[in-house]
Amino acid sequence: MSIGVIATLTIQDGKNAEFELIFAELAEQVNANEDGCLYYALFQTKDSDTVYKVLESYTDKAALEAHGATDYFKAAGAKLAPCMAGAPHLEILDGK
């Protein structure tokens, strides 16, 4: 069964450009290397300049777990941390 994720990320004021650059590098790695990732894209909300949503889709739970275990995901997390205004909120969805 496929798995969807909506990750809500709130960043600090003035960190948009840095955040977007780091995320773009991560997305490039994800899309190039993860066959189990069907969709991985960043969107900025219209309600706030500091709130972003990452929309993700994976073939199954194993693909989602593999995503989180990659070296480039862990490295991006360390680079993104100084941009964040709080912990990400993850919503996990079952595909139908």
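Predicted model: local features only at pLDDT ≥ 70, side-chain atom pairs only at ≥ 80, totals over all residues.
**Strands.** Start by selecting residues 3-10 and 51-58, strands S1 and S3. These two strands are antiparallel, with 8 bridges between them. Tyr39 has Ser57 in S3 as its bridge partner. Follow the chain from S2 to S3 and you pass through a hairpin of 6 residues.

**Aromatic cluster.** Now show the side chains of Phe19, Phe23, Tyr40 and Tyr52, which make up one aromatic cluster. The structure as a whole contains 3 aromatic pairs. Zoom in on Phe23 and Tyr40: their ring centres are 5.5 Å apart and their planes lie at 10°, under the 30 degrees that counts as stacked, so this pair is stacked. Phe23 belongs to helix H1 (residues 16-33) and Tyr40 to strand S2, so the pair ties together parts 17 residues apart in sequence. Are Phe23 and Tyr40 buried or exposed? Both are buried.

**Helix contact.** Finally, select residues 61-69 and 71-80, helices H2 and H3. Their axes come within 5 Å and cross at roughly 55°, which means that H2 is oblique to H3. On the H2 side, show His67, Gly68 and Ala69; on the H3 side, they meet Asp71, Phe73 and Lys74. Coloured by class, this contact has 2 nonpolar, 2 polar and 2 charged residues.

Terms used
Residues numbered from 1 in each chain as written. Heavy atoms only, no water. Axes fitted to C-alpha atoms, helices over the stretch in contact; angles between N-to-C directions. Helix = DSSP H or I, 4+ residues; strand = E, 2+ residues; numbered from the N terminus. Parallel < 35°, antiparallel > 145°, perpendicular 65-115°, else oblique. Contact = heavy atoms within 4.5 Å. Nonpolar A, V, L, I, M, F, W, Y, C, P; charged D, E, K, R; others polar. Pairing = 2+ DSSP bridges. Phe/Tyr/Trp six-rings, centres within 6.5 Å; stacked < 30°, edge-to-face > 60°. Buried < 20%, exposed > 50% of the residue type's maximum accessible area, 1.4 Å probe, protein only.
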